[in-house]
Amino acid sequence: MSKIRNIAVIIIVLLSLGSTQRVSAFSLDLDSIAAWGKFPRFCVNVYQWGDRFFNTYDTTYVVGTGKRFNIKGRAEAWTDYYGFILDNRASFSMISDPSITAGLHLTYMAVSIGYDYDFKQIKNSRRRFYFDFSCALLAADLYFISNDADTRIIKFESPSGNVIYPRIDFSGIKTSIWGLDAYYFFNHKRYSHGAAFSFSKIQRKSAGSPFAGFAFYSEDFNFDFTSAPDYIKAELPDDWPDYRFEAVNKNYAFRIGYAYNWALPHNWTICFSEAPTIGFKHGYINYQRDTKYSFSLSNFARASVVYNYRNMFIGLIGSLDAGLIRDNKHSFLNMVWSANASIGYRFNLW
């Protein structure tokens, strides 16, 4: 549980520097910190207990990297998809151009700094933020996604079944999603989430784990179809005021899934993780402002390929985050596809 260890060591160092104990030599070694006095020794004992409780692995299956630092270059591409199916059987789909970023990241245990440059420069109108925490026992994700970039209508199907692919530019979009997930790994001694997605462990022998937890996420979707072609506007529901669709919801859900790491010869690891989310939402649709509770459904799938060579690593991660909003007038599907590639080096300075 390198991340918890990092935080504990930093706290111990800061508290000890402010104490009245005289320190003859500065060291981040836990035994040296414990020798500084009673309170530092208490903090070290608490940390060591937490490390055993939260981050104990079966070393036949999972081992640590032995390094505190890593530096990596990362490139990422991601895009948004939106699809509507109306009650009259008309449907249409939209997709945003991919956003491509690349940057350099430096990590010291739990602390990471870096910068990603957006090569597409889409008016700074598409943004993503993720914060991940993981140890053997559990993981948590905090994220924010927004999009008001130009999008294209790529497919339209009329109620009679006639399909066209218009590829029409569409600018009447403004969406944002943010949320927090926390989940527990049942087979945490043999399966390592960090080995597949944060490159913090090494999976030595294949293993998987079911996991379960809670998810909270807030959705705000706003589409203005006044600039859409007349043949699309003619099929929109009558209760969409001024050809607009808005959905604002807060979701409270239970997430359950399964992940598996295949430990392959020559230091390769392949992982697949699938996690449907079922719960309820509270919000409104289409400016009616009469909030109500309804069923909530989403899905989050990820896959990774990792290669470790001594202190170097290469990782490829792909993900699909999909959500569904449905009532008696329409079904609305939203998805975010992403793929990123990292190459990095692990090392110690002391």
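**View 1. The turn between β16 and β17.** R310 adopts a positive phi near 55° in the hairpin of β16 and β17, where 2 residues sit between the strands. Strands here are DSSP runs of E with at least two residues, numbered from the N terminus. Please keep in mind that this is a predicted model, in which local features need pLDDT of at least 70, side-chain atom pairs count only at pLDDT 80 or more, and totals for chains, interfaces and linings use all residues. Residues are numbered from 1 along each chain as its sequence is written, and side-chain values use heavy atoms, leaving out hydrogens and water.

**View 2. β16 alongside β17.** Strand β16 (residues 292-309) runs antiparallel to strand β17 (residues 312-326), and 13 bridges join them. Two strands count as paired if DSSP finds at least two bridges between them. Opposite L324 in β17 you will find L297.

**View 3. β17 alongside β18.** On to the next pairing: β17 and strand β18 (residues 330-347) are antiparallel, with 15 bridges. A hairpin of 3 residues links β17 to β18. G318 has A339 in β18 as its bridge partner.

**View 4. A nonpolar surface patch.** I71, L104, L106, Y309, M312, I314, I343 and Y345 make up this patch, with about 710 Å² of accessible area together (Shrake-Rupley method, 1.4 Å probe, only the protein chains shown counting as cover for residues). Patch residues have over 30% relative accessible area and no salt bridge, and nonpolar side chains (Val, Leu, Ile, Met, Phe, Trp, Tyr) are joined within 5 Å; a salt bridge puts a side-chain nitrogen of Lys or Arg within 4 Å of a carboxyl oxygen of Asp or Glu. β4 (99-108), β17 and β18 each give two or more residues to the patch.

Terms used
Helix = DSSP H or I, 4+ residues; strand = E, 2+ residues; numbered from the N terminus. Patch = residues over 30% accessible without salt bridge, like charges linked within 9 Å, V, L, I, M, F, W, Y side chains within 5 Å.
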